[in-house]
Amino acid sequence: MLLDRVLIHSFVGAPLTGLLVTRRNPKWKRICWYASFIVVIAFFLVEYSYREKNFYEWFEASPTSDRNDIHAAYRKASLKYHPDKNPDPDAEDTFYRLKRAHDILMNESQRSSYHRFGDHNDGQVEDATGMTVVMLSLVNYLLCFILGYVLTFAKPFHFARQIIIVYLVGSFCLELHMRYVEGDAVLDFIPTMSQLLPFEKILLLRQLFPSILCLSIIVSSSIYVDQDAVLQYLLKGILTTNQAIVVKTAELQQNAPAGGLGMSGPLTSTAARKIAAERAGGMQSAAVRSLQEGGRTQSTSIGGEDAQTPTDATNAGGDSSKAAPAGGEGKGNMFREFVNELSDDQRQRLNEILVQTHQQQQQQPKGGGFNIYQLIFVGVIAWIWFSRSSSSTAGGDVP
């Protein structure tokens with residue numbers, strides 16, 4: 001069944017693609033990305049291989065053939081599969097199928113209905129039945145959306161949900177158009193689509209869902225930026241830069257001549273050193289406290305990754321009693337104000353620290369394994385699949 005096959009392929013393909021695109025090991029990252037695209041192409045080819053021949057292909061005729069050409073093609077095929085001339089046990093069933101196809105294609109009304117509803121009772125549907133077919137299609141798309149929503153619950157894959165929604169809504173609208181508008185060449189600008197009947201285009205759009213789901217996961221992962229992690233890098237850089245500024249200031253005050261900074265000699269050698277040490281200690285404790293007390297914002301992917309986000313950072317002056325405003329906007333404004341007050345050398349130093357920290361984070365091998373929910377999820381599906389396979393095998397052994 002088409003829906004069962006699409007759901008199973010989605011169950012298998014989405015976790016596999018998510019596992020590949022969340023690799024952080026530089027050695028395997030590029031290979032995993034190539035493998036994820038191979039998964040997309042493989043699911044497309046597998047789904048397309050399930051396509052069945054339509055009536056015209058049985059007769060080796062074209063959908064634009066007239067009645068005379070169809071009748072001539074039928075006579076040729078019927079002679080080939082006539083039970084009296086073909087000893088094949090399936091020849092009789094094939095012969096009656098050809099006769100039914102001939103009767104449908106020779107009737108213009110039934111032929112038009114077959115083009116649009118050929119996936120349901122060979123297109124022989126009434127008005128009430130046609131509405132039922134559309135409602136069943138809506139249920140299919142809804143199930144695909146629920147499945148896609150569940151499989152993209154991880155933060156790096158949230159954008160994939162938007163792609164899935166657009167694809168499913170667009171597919172359903174195209175289906176309504178192809179079901180009830182006769183003779184309109186929809187999607188014929190695509191080479192593969194131009195050779196298909198309207199109902200075959202509808203089936204192909206449904207079969208493409210596993211590939212679209214995997215592709216949307218790849219796109220979402222490639223453009224995802226962890227704002228919490230970026231903010232953490234910035235706050236670490238701010239604290240490190242402030243500490244460096246305090247240390248350099250203490251060294252300058254210590255090595256400056258008496259009265260060179262507007263201070264007397266004893267104050268420069270004793271009080272200034274004490275003040276600088278207190279500020280350096282305050283900055284160090286503020287940095288430690290900010291990193292230890294910072295909340296964790298879990299961004300669990302199918303590959304499984306967590307990112308820490310400090311929720312309580314000290315301000316630029318090293319005052320540990322003031323907390324940074326809650327929320328990304330307040331932290332961003334605080335950082336911009338701090339950067340505006342820095343000199344060019346300090347900004348350059350801050351940029352070097354941020355780049356170095358980011359590179360160190362990227363070089364750490366972070367594997368993304370399945371989390372417990374995904375393991376249970378995939379295990380249940382595998383158990384259902386093997387149970388069905390065992391039942392089919394056992395049923396085949398019964399005479």
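# Exercises on surface patches, core and salt bridges

Helix 7 contributes the largest share of the nonpolar patch, three residues. The structure is a predicted model, in which local features need pLDDT of at least 70 and side-chain atom pairs count only at pLDDT 80 or more, while totals for chains, interfaces and linings use all residues. Residues are numbered from 1 along each chain as its sequence is written, and side-chain values use heavy atoms, with hydrogens and water left out.

## Exercise 1. The nonpolar patch

Determine which residues make the nonpolar surface patch of about 520 Å², and classify methionine 135 by its accessibility.

Step 1. A patch is made of residues with over 30% relative accessible area and no salt bridge; like charges are joined within 9 Å, and nonpolar side chains (Val, Leu, Ile, Met, Phe, Trp, Tyr) within 5 Å. Accessible areas come from the Shrake-Rupley method with a 1.4 Å probe, and for residues only the protein chains shown count as cover.

Step 2. Met131, Met135, Leu138, Leu176, Tyr180 and Val181 make the patch.

Step 3. Helices (H or I, at least four residues) and strands (E, at least two) are DSSP runs numbered from the N terminus. Helix 7 and helix 8 each supply at least two residues of the nonpolar patch.

Step 4. Methionine 135 lies in helix 7. A residue is buried under 20% relative accessible area, exposed over 50% and partly exposed in between (1.4 Å probe, protein chains only). Methionine 135 therefore counts as partly exposed, at 46% relative accessibility.

## Exercise 2. The largest nonpolar core

State how many residues the largest nonpolar core has, and name the helix that gives the most to this core.

Step 1. A nonpolar core is a set of buried Ala, Val, Leu, Ile, Met, Phe, Trp, Tyr and Cys residues joined through side-chain atoms within 4.5 Å.

Step 2. The largest such core has 38 residues, and those with the most contacts inside it are Val21, Leu168, Met193, Leu205, Phe209, Leu213 and Ile217.

Step 3. At least two residues of this core come from each of helix 1 (2-21), helix 2 (26-49), helix 7 (127-151), helix 8 (158-180), helix 9 (198-207) and helix 10 (209-223).

Step 4. Helix 1 gives the most to this core, with seven residues. As background, nonpolar side chains tend to be buried together in soluble globular proteins.

## Exercise 3. Salt bridges

Give the count of salt bridges, and describe the pairs formed by arginine 5, lysine 99 and aspartate 188.

Step 1. A salt bridge is a side-chain nitrogen of Lys or Arg within 4 Å of a carboxyl oxygen of Asp or Glu. By this rule the count is eight.

Step 2. Arginine 5 pairs with glutamate 47, with their closest N and O atoms 3.2 Å apart. This pair links distant parts of the chain, from arginine 5 in helix 1 to glutamate 47 in helix 2, 42 residues apart. Both arginine 5 and glutamate 47 are buried.

Step 3. Lysine 99 meets aspartate 103 in a salt bridge of 3.5 Å, N to O. The two are separated by about one helical turn, because they are four residues apart in helix 5. Lysine 99 is partly exposed at 37%, and aspartate 103 is partly exposed at 38%.

Step 4. Aspartate 188 forms a salt bridge with lysine 201, the closest N and O atoms being 2.6 Å apart. This pair also links distant parts of the chain: aspartate 188 is in the loop between helix 8 and helix 9, and lysine 201 is in helix 9, 13 residues apart. Aspartate 188 is partly exposed, with a relative accessible area of 29%, whereas lysine 201 is buried, at 4%.

## Exercise 4. A positive phi

Describe the phi of glutamate 60 and the place of this residue.

Step 1. Most residues other than glycine have a negative phi.

Step 2. Glutamate 60 is not a glycine, yet has a positive phi of about 55 degrees.

Step 3. Glutamate 60 lies in the loop between helix 3 (55-59) and helix 4, and is exposed, with a relative accessible area of 72%.
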